[in-house]
Number of protein chains: 4
Amino acid sequence: MQELLSDFAERRDWGPFHTPKNLAMALVGEAGELAAEFQWLDPEESARVLDDPAKATAVRMEMADVFSYLLRLADVLGVDLETALREKVAINEKRFPADTSR
Amino acid sequence: MQELLSDFAERRDWGPFHTPKNLAMALVGEAGELAAEFQWLDPEESARVLDDPAKATAVRMEMADVFSYLLRLADVLGVDLETALREKVAINEKRFPADTSR
Amino acid sequence: MQELLSDFAERRDWGPFHTPKNLAMALVGEAGELAAEFQWLDPEESARVLDDPAKATAVRMEMADVFSYLLRLADVLGVDLETALREKVAINEKRFPADTSR
Amino acid sequence: MQELLSDFAERRDWGPFHTPKNLAMALVGEAGELAAEFQWLDPEESARVLDDPAKATAVRMEMADVFSYLLRLADVLGVDLETALREKVAINEKRFPADTSR
């Protein structure tokens, strides 16, 4: 997926814009748009958000935007997202022990 | 990865908190913390952000946080992130033709 | 200003949607849209962003959106923003002494 | 308030860091931290968030952070926030007519 996105950017000469700073800023902008899809929904409505086809497309495309900037940022910085996630889960296992975190 | 995160939440009875609305809110909060790591850096500094070990850990762990909430949200909603991303790239191929988007 | 916004919401029966949680979520969504206006600009371009009338309107209206949700949140929670800001500045005066924070 | 914040930044030589781009990024980062205070609360809990003194301080200080970066951004860009807000409300009066927006 990272190659697909890297190719996409390269064929448009967008490399110089894709600094880590700009990508982090784009990522939070897209995360804000994703959050906006849920802002007026109550918890139950938010669970059924994909039932409405127009809303489902909007949510899925915003999630894709967030994912694409996260992958681009990881690619540009040379961060392995899977390794980072496993490290974070290991940290959280200690920080939130299962038996006392319920 | 989604199973790992789903298990983690389940063993702590966190399921009821992981509504799509709450996960979207947590995601944008973490994206904001990730952006904060870059806010005072100029473009060149942002490209070298991993050279400082403490900063590198902070950036990697914030990226892991964003990734984990994105994966949880995808899991809870039943969204296939890879499919969504490929659809979005196809849309963007038309929206930003390579020859005119440089 | 808070009265103006409270009246606006009340005449539309939007009160039930304006929980602190929803308003905080709307605020970060709008802050994300504001950030998006700057995401591909270099520092110098960002300083001249108001020179382009279309861009100036977009930036000013996004700033107004952030301001309006911040004022609504303050109103709903009963927070005095000016007092809170003065307290925060007093805290920061100690945290970042002027002579060592240059 | 803008003078207070401008003075604070000036006495620390922070002017060069306070580009509109950096301030917009800092603003969304703080908005993300504010949202994080509410992310696991249900609507009723979010309405009572100030009842817990520690949480009240956290929420008030995050709101002050958002406000301070919004005021700094307005100052640096030369945007009059009150005028911008009145313009936006006028636009929204037309966009969401009171009698059909309930």
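The dialogue below takes up how to read the chain interfaces and an aromatic pair in this predicted model.

Q: What conventions apply to the numbering and to the values?
A: Residues are numbered from 1 along each chain as its sequence is written, while chains are lettered from A and ligands numbered from 1 in the order in which they are written. Since the model is predicted, local features need pLDDT of at least 70 and side-chain atom pairs count only at pLDDT 80 or more, whereas totals for chains, interfaces and linings use all residues; side-chain values use heavy atoms, with hydrogens and water left out.

Q: How many residues does the contact take from chain B and from chain A, and what area do they bury?
A: Contact means heavy atoms within 4.5 Å, and buried area is the accessible area (1.4 Å probe) that two parts lose on being put together, summed over both. The contact takes 59 residues from chain B and 59 residues from chain A, and the two chains bury about 5200 Å² between them, with 73% of it on carbon and sulfur atoms. Within chain B, the residues that lose the most area to chain A are Lys21(B), Met63(B) and Leu85(B), together 12% of what that side buries.

Q: Which polar interactions does the rule find across the interface of chain B and chain A?
A: A salt bridge is a side-chain nitrogen of Lys or Arg within 4 Å of a carboxyl oxygen of Asp or Glu. Across this interface the rule finds 10 salt bridges, including one between Asp13(B) and Arg102(A), whose closest N and O atoms are 3.6 Å apart.

Q: Which elements of chain B supply the side that touches chain A?
A: Helices are DSSP runs (H or I, at least four residues), numbered from the N terminus. At least two residues each come from α1 (2-11), α2 (20-36), α3 (43-47), α4 (53-77) and α5 (81-95) of chain B, and α4(B) provides the largest share of that side, 14 residues.

Q: What does the interface of chain C and chain D show?
A: In this pair, 59 residues of chain C are in contact with 59 residues of chain D, and the area buried between them is about 5200 Å², of which carbon and sulfur atoms give 73%. The rule finds 10 salt bridges across this interface, among them that of Glu93(D) with Arg11(C) at 3.0 Å, N to O.

Q: How is an aromatic pair read, and what is the case for Trp14(A) and Phe96(B)?
A: A pair of aromatic rings is described by the distance of the centres and the angle of the planes. Rings of Phe, Tyr and Trp (its six-membered ring) pair if their centres lie within 6.5 Å, and planes under 30 degrees apart count as stacked, over 60 as edge-to-face and the rest as tilted. A search of the whole structure finds 14 aromatic pairs over all chains. The ring centres of Trp14(A) and Phe96(B) are 5.5 Å apart and their planes stand at 75°, so the pair is edge-to-face. This pair crosses between chains, from Trp14(A) in the loop between α1 (2-11) and α2 (20-36) of chain A to Phe96(B) in the segment after α5 of chain B.
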